[in-house]
Amino acid sequence: MGLFSNNKISRDDLKPGDHIYAWRNAYIYSHHGIYIGDGKVIHFTRGDGPSIREGSVLDKIIVSSVTNHGGYNPCPNCGKRSNTRGVISSCLDCFLARGDLHLFKYSVSLATFMTKLRGGTCTTAPSDPSDEVISRAKFLLMINGFGDYHLFKNNCEDFAMYCKTSLVVGQSYVLGRNGQANTVGLAACVARMLTPLVRNVIRLFSDVGMRKDAIKVPVESLVAWRNKDDTFVKRERRLQHTNKHSVLTFYKHIVKFRFVIFSKLC
Ligand SMILES: [Zn+2]
């Protein structure tokens, strides 16, 4: 599998703050995380539960991003996990799930980026210092604060890239500019019909390191914005529920009123 093994590294070469990944399910997708030292990795997983895009073919393939040791047989290195989904910490073996260790590369040249046949292995964006990367990952772990897992818009690669760069795209803090999404998304399906050169140019301009609308957002601001957004969504849902309830009550009154009038007439 030479196409995907260029970034393979040995465990001895690992450094705290590295963005690492391992291929899953016959190279269908890769799972990403931040190595924090002492054999531990912080990563974002959908766990065993459904993601937002429940029901898609890929969701059915991606059952879980973490090795399943069985409910009563936890990994001796990880111990009992407080979280089984969202941002979690696990040992390197559980993260790799018997896959090979790969290093996601930052600050790659345009020429290097263009030679990659598959997204989700490198970016032209530079990495922040490793202490900042680890600090972001630990903060998001502590509050499990990276939101709901979404296969294309908010996945493990987005988490690791955000920890490495603190970059988000546009005013609405959109993530999801990850290489895997750019490889398997709708636009990529169209692009597959184009020549490899045109395809890679499209992928290049989707890269967070190339986008003019990418901005650095401190982790506390990202979490605060997401919480605010969640509150907004919950309020909207509550309002919709209240409106539905009001309409139902109104119709009940109409029916009751018509019944009373009909009774009096008879
Ligand atoms: Zn483990």
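Predicted model: local features only at pLDDT ≥ 70, side-chain atom pairs only at ≥ 80, totals over all residues.

Me: Which helix is E220 in?
Reply: E220 sits in helix α9, which covers residues 219-265.

Me: And how far apart are the C-alpha atoms of E220 and G145?
Reply: Their C-alpha atoms are 9.6 Å apart, while along the chain E220 and G145 are separated by 75 residues.

Me: OK, switching to the metal. Which residues hold the zinc ion as protein donors?
Reply: Four cysteines do, each through its SG atom: C75, C78, C91 and C94. They lie 2.3 Å from the zinc ion.

Me: What is the geometry of that site?
Reply: The zinc site is tetrahedral, with angles of 105 to 116° among the four donor atoms. For reference, the ideal angle for four tetrahedral donors is 109.5 degrees.

Me: How are the donors spaced along the chain?
Reply: The zinc donors follow the pattern C-x2-C-x12-C-x2-C. C75 and C94 are 19 residues apart and link distant parts of the chain. C75 is in the loop between α1 (57-61) and β4 (86-91), and C94 is in helix α2 (residues 92-96).

Me: Are C75 and C94 buried or exposed?
Reply: C75 is buried, with a relative accessible area of 6%. C94 is buried as well, at 2% relative accessibility.

Me: Now α4. How many residues does it have, and what distance does it reach?
Reply: Helix α4 (residues 130-142) has 13 residues and reaches 18 Å from its first C-alpha to its last. That is close to the 18 Å expected at 1.5 Å a residue.

Me: Which residues of α4 are buried?
Reply: The buried ones in α4 are V133, I134, R136, A137 and L140. Seen down the helix axis, the buried residues of α4 fall within an arc of 160°, so they line one face.

Me: What exposed residues are on the face turned away?
Reply: D131 and M142 are the exposed residues that α4 carries there. Just after α4, N144 takes a positive phi of about 45°.

Me: Last one: how many helices and strands does the chain have?
Reply: The chain has nine helices and seven strands. Of its 266 residues, 43% are buried.

Definitions and conventions: Residues numbered from 1 in each chain as written. Heavy atoms only, no water. Donors = N, O, S within 2.8 Å, 3.2 Å for Na, K, Ca; no water. Tetrahedral: all angles 85-135°; square planar, octahedral: opposite > 155°, others 65-115°. Helix = DSSP H or I, 4+ residues; strand = E, 2+ residues; numbered from the N terminus. Buried < 20%, exposed > 50% of the residue type's maximum accessible area, 1.4 Å probe, protein only. Expected span 1.5 Å × (residues − 1). Arc of directions from axis to C-beta.
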